[in-house]
Amino acid sequence: MRKRFSVLGMTVLCAISVGYDVMNSSAQSATQFKDTYQHWAESSIQNAVQKKYVDGYEDGTFKPDAPISRAEFIKMVAVATGEKVNKVDGDGWFQPYVDLLKSQGIIPAEFPERYNEPLQRYEMSILSVRSVDKTLKGSMVDSTKMGLIHGVSRTDLDVYGTSTRAQAITIIERILAAKNGEKLSVDKYAASAAEIAETGSNVGTMLGLKAKNIGNSWSAGQGAVVTLNQVIIADPSDENDPNMEYIDTSHWNSRVDKQRDFVVMAKFTVEVDETADDSFSLGGYQYLTLYDQTGPLHLAKEGLIRVIRFAVPGTYVGNVAYGVMKDHSRTGLTLDVIGNEVGIAKP
């Protein structure tokens, strides 16, 4: 006897960073800096110096590619947004800026206090988002959807990475634009990746829906449990969609309408122990409900094996894929999990 289920799962990214801020050094025009000529951020550096929220060094350099510390970025945020503090000298020069942003609710209680250490990108997300809207936590989902943070590449958010002095200026300018009511461009791959990391699904970014049943488990009989780990949407019409790398398109007919459908990938864990019925098997069948039924929807990698035999106890992890018309997907998604119709996304 066999039971069937249809499903699928995946990921994506993008982002940006910040640098080192010395605002007590002698002011210089960006055009005079020894190390900014033909740098990608040369004009942005000049603009930032003119706005007086960042400056160069006494040796005539700007050090655009040097890392920025938490203290330096906090000072840049405060000064750029027009806040005034009573400056202090010495090792604690940053404390007035920290105290100010804490009093405003921009720096949350849980923010790391090792201020002279390099700022990590997720911390930059917190400060950037809360500088614009203090009602938000400042998660990577918040910052990517607002357009404040982009990916470092099409497939990488680099959440724990650091940023440079030049990149910090880019973020500050986005903060100022957002506070001014401007609509920022959004890196959809970064937003998708951030949502997957936080919720296990990108149905919000891709479909405007809310994920359901991620992390839930179902019994597949004595000694066997099936758990839904992720639900990822991939767009065949987008040649740059990193999630499409999980789909084997080598056999697709040239007449396939890639504009019509989404691919849904659900990642499952199937755990089978020694008490399971060794005469039973679980089949993970992949049905093609899109592309005009030109053939089966195969995964190029990380696919769940087609038949899990309970005679061999173990843990099996992988994706199952199916297709859905874009027009129909906006109202919600369901899939058949071991004979149960399960909602996986809702409006």
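How many helices and how many strands does the secondary structure of the chain come to? The answer is 9 helices and 10 strands. Keep in mind as you explore that this is a predicted model. Here is a short tour, from the whole chain down to single residues.

**The chain as a whole**
- The chain has 347 residues, and 54% of them are buried.
- Take the contacts between residues at least 6 apart in sequence: 75% of these join residues at least 24 apart.
- The chain has an accessible surface of about 15800 Å², and carbon and sulfur atoms account for 46% of that surface.

**A sheet to look for**
- Three strands form an open sheet in the order S2-S10-S9, and their pairing is antiparallel.
- The edges of this sheet are strand S2 (210-211) and strand S9 (333-337); each has a single partner strand, so one side of each has no neighbour in the sheet.
- S9 pairs with strand S10 (residues 340-346) through 5 bridges, in the antiparallel sense.

**Two residues with a positive phi**
- Most residues other than glycine have a negative phi.
- Lys52 is not a glycine, yet its phi is positive, at about 70 degrees. You can find Lys52 in the loop between helix H1 (42-51) and helix H2 (70-80). Lys52 is exposed, because its relative accessible area of 62% is over the 50% cut-off.
- Glu302 is not a glycine either, and its phi is positive at about 55 degrees. Glu302 lies in the loop between strand S6 (281-283) and strand S7 (307-309). With a relative accessible area of 41%, Glu302 is partly exposed.

How values were computed: Residues are numbered from 1 along each chain as its sequence is written. This is a predicted model: local features need pLDDT of at least 70, side-chain atom pairs count only at pLDDT 80 or more; totals for chains, interfaces and linings use all residues. Side-chain values use heavy atoms; hydrogens and water are left out. Two strands pair if DSSP finds at least two bridges between them. Helices (H or I, at least four residues) and strands (E, at least two) are DSSP runs, numbered from the N terminus. Buried means under 20% relative accessible area, exposed over 50%, partly exposed in between (1.4 Å probe, protein chains only). Contact means heavy atoms within 4.5 Å. Accessible areas come from the Shrake-Rupley method with a 1.4 Å probe; for residues, only the protein chains shown count as cover.
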